[in-house]
Amino acid sequence: MAAGPVDALRVSQLDASELDHELIQLTKSQISHIFKYHRTTLLSRFDPEIRAAIKLLLWKFALYDRGATVGQQILGIQYGRSKGGKPGVAITGREKILYALLVVVCPWLKERVSTLLSYLGLSHMDSQVHWWLHQAETVLKVSALVNILVFLRKGIYLSLVERLLGLRAQFPQRQGLRQVGYEFMTRELMWHGFSEFLFFLLPLINFQRIKNTFTRWARGHRSGGEGHLQHRTQADLLSCAVCDGCPVMPREVGCRHVFCYYCISANLAADLNFTCPQCGHPVVSEDNIQGVKSHINPGIIKKGDLTQ
């Protein structure tokens, strides 16, 4: 097996680039949390400077010191140059500095070009400079598209910066064959099949009916004198027997208790044997659900407490 650096896999280069981008976003979000409860426009005013500072710190402690970005270090990749058409030469300090200028300084200058022109007294050139920047940005986007297509074909130079500086992402040593275990895949397939079975089974189970049956068994209520209309009180009219809230569109089923229209209708649709959870009075059928009538002795409830 040949020793020495070899070009990194395409997927490894793409993953490293995504990790670098996510790290910048994560660091920026942590800074935002620091000023979460402070009424200040500091972050929005100096957003370009904050982003540039984060990139510069990551560049200094990763690429400049170790020759690889944070994402590349996680995946065991580093930058190098080609020698005789093959990777094998470490990048120089000059190339690291040029990388910082292209990745950190140039985006910051683009964001702050208007401020710099105003500071230099060249505000009259602002529109012209922005027009040229727009043209240059269009050319760069087209070039980036062509570059990514070439990268997918050859697997070298993921970004334009890498192509301009001749930086190649590479493994320090040739990767050995990996023994792939299928225990994890078997576990995933098993849980996937189990979840699919649950998604099929759960809609077939009437949980509301099971809940009502268990409630009737646990409370042991039976229809009796305590549920008669003549024993209705003011508290019965102001509380739904199912949800304990103020009855909305109040309904009754023949006992002294009052229900929300939705509560009684939904429970009866789910359980044809539904009974009053307070006294056990059977609903029998949907025709038995009617608007609340004033079955209460005069003087017990004040006028206006009952909403028809």
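Where is the place of Asn-267?

A: Asn-267 has its place in helix 12. Some ground rules come first. This is a predicted model, where local features need pLDDT of at least 70, side-chain atom pairs count only at pLDDT 80 or more, and totals for chains, interfaces and linings use all residues. Residues are numbered from 1 along each chain as its sequence is written, and side-chain values use heavy atoms, with hydrogens and water left out.

Helix 12 spans residues 261-270. Helices (H or I, at least four residues) and strands (E, at least two) are DSSP runs, numbered from the N terminus. Asn-267 counts as buried, because its relative accessibility is 7%. Buried means under 20% relative accessible area, exposed means over 50%, and partly exposed lies in between (1.4 Å probe, protein chains only).

An α-helix has 3.6 residues a turn, so residues three or four places apart point the same way. The face turned away from the buried side of helix 12 carries the exposed residues Tyr-262 and Ala-269.

What does Asn-267 touch? Leaving aside neighbours within four places in sequence, Asn-267 is in contact with Gln-208, Asn-212, Val-242 and Phe-274. Contact means heavy atoms within 4.5 Å.

Now follow the chain past helix 12. Cys-279 is in the loop between helix 12 and strand 6 (290-291). Cys-279 is buried, since its relative accessible area is 2%. His-257 and Cys-279 are 22 residues apart in sequence, and their C-alpha atoms are 8.2 Å apart in space.

The UniProt annotation "domain: RING-type", from an unreviewed entry, covers residues 240-279. UniProt positions are given in the numbering used here, feature names are shortened, and annotations may be inferred rather than shown by experiment. Over residues 240-279 the chain is 25% helix and 5% strand. The end C-alpha atoms of that stretch are 13 Å apart.

Next, the wider chain. The chain has 12 helices and six strands. Of its 308 residues, 27% are buried. Among contacts between residues at least 6 apart in sequence, 61% join residues at least 24 apart.

Elsewhere, helix 5 (residues 93-111) gives the most to a nonpolar surface patch, with four residues. The patch is formed by Tyr-64, Ile-97, Leu-101, Val-105, Leu-109 and Leu-116. Ile-97 lies in helix 5 and is partly exposed, with a relative accessible area of 44%.

The side chains of Arg-81 and Glu-95 meet in one (2.6 Å, N to O). Arg-81 lies in strand 2 (residues 78-83) and Glu-95 in helix 5, so the pair ties together parts 14 residues apart in sequence. Glu-95 counts as buried at 8% relative accessibility, whereas Arg-81 counts as partly exposed at 29%. The whole structure has six salt bridges.

Technical notes
Patches are made of residues with over 30% relative accessible area and no salt bridge: like charges are joined within 9 Å, nonpolar side chains (Val, Leu, Ile, Met, Phe, Trp, Tyr) within 5 Å. Accessible areas come from the Shrake-Rupley method with a 1.4 Å probe; for residues, only the protein chains shown count as cover. A salt bridge is a side-chain nitrogen of Lys or Arg within 4 Å of a carboxyl oxygen of Asp or Glu.
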